[in-house]
Amino acid sequence: MPAIVMDGRAVSELLMPEVRRNAAELRDRYGYVPALAAILVGSDPASRQYVRNKHRLAQELGCRSEVVEIEAEKASTESLLATIERLNNDRAITGILLQLPVPAHVDQFALFDAIAPEKDVDAVGADAVIGFYRGQWGRFIPCTPRGVLTLLSYYKVPVSGKRAVVIGRSDIAGKPTALILGGRMCNATVTWCHRHTQDLASICREADILVSCVGANVGRPYLITADMIKPGACVIDVGFRRIGPGRFAGDVDFDAVSRVAGWLTPNPGGTGPMTVIALMQNLLDAARYQLGLGRINYSI
Ligand SMILES: NC(=O)c1ccc[n+]([C@@H]2O[C@H](COP(=O)([O-])OP(=O)(O)OC[C@H]3O[C@@H](n4cnc5c(N)ncnc54)[C@H](OP(=O)(O)O)[C@@H]3O)[C@@H](O)[C@H]2O)c1
């Protein structure tokens, strides 16, 4: 039987009425219109596309959204710190998103930690990290793992007690996903892999849940092939890279893996839309925190 397709577009559409209702409640009951500020450094086409998608969805929900564009050559840690400081002090801004990657000469950790914790909707600052490091939700969960958790929940994939393998250790994708799946919120047993991992294939074959957050060219068409999958496993493809003009690929060989896996995300159309809707969920939570209200619990 082919794998169940974990359709991120469909699940995010299912969530939309709830998200829209919560945005409307903030506006109609509290007179509060959440506002997202995205900082985009440089002209990377993928980053521009991600920011465009986030900006469009925020507006669709009736939120305000501003994109602060900075040329890569003009960006320095100091100038970006000043931008973040301005947005921190702007009472009209609810959430701040620093679109990654930033140029290598910029100290991204200094920027993460400069974002006011109550506006850190991408959950990159030390304050947010402590929450999921300790196995708690905290204020915010980073958008990609939040979207992954929603997909796992919607498709009723068993997680507690299962073997999970997470590939990648960035601060927005692999690292928080590994910590959250292995933490007390999910109780999976996690093996965490990266560029230096030896015999990745045999580690992957042990996974009941495999999350690949790589997106790099690994010298073959796909990092994850069907022979690396335990029959019936859940395979979540986060990696996304441009392979030619207007052509993109994920980490996973979808067609072949779908004949072995139990669940599988398409790419595009899997984790991407879930990450964007998770950002909106975090933005609404940020607005509620600023009004002294609690986090929203969604039905999925
Ligand atoms: N779907 C979504 O919503 C979404 C959201 C965020 C990111 N993404 C995509 O996910 C991908 C990763 O993004 P990121 O920000 O996490 O990137 P990143 O910081 O470049 O991290 C990539 C990770 O992949 C590891 N890696 C590279 N080559 C490998 C190999 N051959 N075997 C095993 N591991 C390898 C790296 O290991 P080292 O640590 O050892 O270098 C690193 O930890 C990108 O394609 C990005 O576009 C998608």
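This is a predicted model: local features need pLDDT of at least 70, side-chain atom pairs count only at pLDDT 80 or more; totals for chains, interfaces and linings use all residues.
User: Which residues have the most contacts inside the largest nonpolar core?
Analyst: M6, L152 and L181 do, in a core of 59 residues.

User: Which helix gives that core its largest share?
Analyst: Helix α10, residues 271-290, with ten residues. The core also takes at least three residues from each of domain 1 (31-117) and domain 2 (143-272).

User: What is M6 in contact with, leaving aside its neighbours within four places in sequence?
Analyst: Its contacts include L151, L152, Y155 and V157. C234 and I236 are also among them, as are W263, L264, T265, P266, G269 and G270.

User: Which residues does the second core include?
Analyst: I39, A75, I93 and I115 are included in that core, which is separate and has 20 residues. As background, nonpolar side chains in soluble globular proteins tend to be buried together.

User: Switching to α2. How far apart are its end C-alpha atoms?
Analyst: They are 22 Å apart. Helix α2 covers residues 45-60, and at 1.5 Å a residue its 16 residues should span 22 Å, so the two values agree.

User: Which residues of α2 are buried?
Analyst: S47, V51, K54, L57 and A58.

User: And why do they line one face of the helix?
Analyst: Because, looking down the axis of α2, the buried residues fall within an arc of 130°. In general, an α-helix has 3.6 residues a turn, so residues three or four places apart point the same way.

User: Which glycine has a positive phi in the hairpin of β9 and β10?
Analyst: G246, near 65°, in a hairpin with two residues between the strands.

User: In what sense do those strands pair?
Analyst: Antiparallel, over three bridges, with β9 at residues 241-244 and β10 at 247-249. R241 stands opposite A249 of β10.

User: Last one, I229. Where is it?
Analyst: In the loop between β7 (209-212) and β8 (234-237).

User: Which residues is I229 in contact with, beyond four places in sequence?
Analyst: R205, L210, I224, V235, V257, V260 and A261. D285 is 56 residues along the chain from I229, and their C-alpha atoms are separated by 37 Å.

Definitions and conventions
Residues are numbered from 1 along each chain as its sequence is written. Side-chain values use heavy atoms; hydrogens and water are left out. Two strands pair if DSSP finds at least two bridges between them. Helices (H or I, at least four residues) and strands (E, at least two) are DSSP runs, numbered from the N terminus. Contact means heavy atoms within 4.5 Å. A nonpolar core is a set of buried Ala, Val, Leu, Ile, Met, Phe, Trp, Tyr and Cys residues joined through side-chain atoms within 4.5 Å. Buried means under 20% relative accessible area, exposed over 50%, partly exposed in between (1.4 Å probe, protein chains only). Domain bounds come from an automatic or database domain assignment. The expected span of a helix is 1.5 Å times one less than its number of residues. The arc is that of the directions from the helix axis to the C-beta atoms.
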